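Subject: A structure for you to look at

Hello,

Here is the structure I promised to pass on. Could you open it alongside this note and follow the residues as you read?

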Amino acid sequence: MTRPAASRRHLSSSPFAPPVEPPVRRFGVGDRVSHDAYGLGRVVDVEEGVAVCVDFGSVRKRVLSPYNRMSVL
């Protein structure tokens, strides 16, 4: 079974609570971050709302928004 491409809209008459929007994550240059796949790193460049460039020591990666697998330390 596959998921629909578009999310369903919430009806005001529904007994269920509307889905909660995840908070927008913001990163600044110099922030220490942790990534699930790459580990610890430092933000070196920010493309507002699009991507961040992170130096993980041995490799530099451009991580695209949404940043589900990355968090600020």
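Some ground rules come before the details. The model is predicted, so to speak of a local feature I needed pLDDT of at least 70, and side-chain atom pairs count only at pLDDT 80 or more, whereas totals for chains, interfaces and linings use all residues. Residues are numbered from 1 along each chain as its sequence is written, and side-chain values rest on heavy atoms, with hydrogens and water left out.

Helices (H or I, at least four residues) and strands (E, at least two) are DSSP runs numbered from the N terminus. In a regular strand, side chains alternate between the two faces of the sheet. Buried here means under 20% relative accessible area, exposed means over 50%, and partly exposed lies in between (1.4 Å probe, protein chains only).

Two strands pair if DSSP finds at least two bridges between them. E1 runs antiparallel to E2 (residues 39–47), with 4 bridges joining them, and a hairpin connects the two through 3 residues. Within E2, glycine 41 is the bridge partner of valine 33. E1 also pairs with E5 (residues 70–72), again in the antiparallel sense, over 3 bridges; there, methionine 70 is the bridge partner of histidine 35.

Histidine 35 is buried, at 8% relative accessible area. Its side chain reaches the backbone nitrogen of tyrosine 38 at 3.4 Å. That is a polar contact (a pair of N or O atoms within 3.5 Å; within protein, one must be able to donate a hydrogen and the other to accept it, and residues adjacent in sequence count only if both atoms are side-chain atoms). Contact in general means heavy atoms within 4.5 Å; beyond four places in sequence, histidine 35 is in contact with Phe56, Val63, Arg69 and Met70.

Aspartate 55 sits in strand E3 (residues 51–55) and is partly exposed, at 28% relative accessibility. The aspartate 55 side chain reaches the backbone nitrogen of glycine 57 at 3.1 Å. Leaving aside neighbours within four places in sequence, aspartate 55 is in contact with Gly41, Arg42, Val44 and Arg60.

**Core and rings**

Phenylalanine 27 lies in the segment before E1 and tyrosine 67 in the loop between E4 (60–64) and E5, so the pair ties together parts 40 residues apart in sequence. Phenylalanine 27 is buried at 9% relative accessible area, and tyrosine 67 is buried at 7%.

The rings of tyrosine 38 and phenylalanine 56 have centres 5.2 Å apart and planes at 35 degrees, so that pair is tilted. For rings of Phe, Tyr and Trp (its six-membered ring), pairing needs centres within 6.5 Å; planes under 30 degrees apart count as stacked, over 60 as edge-to-face and the rest as tilted.

Best wishes
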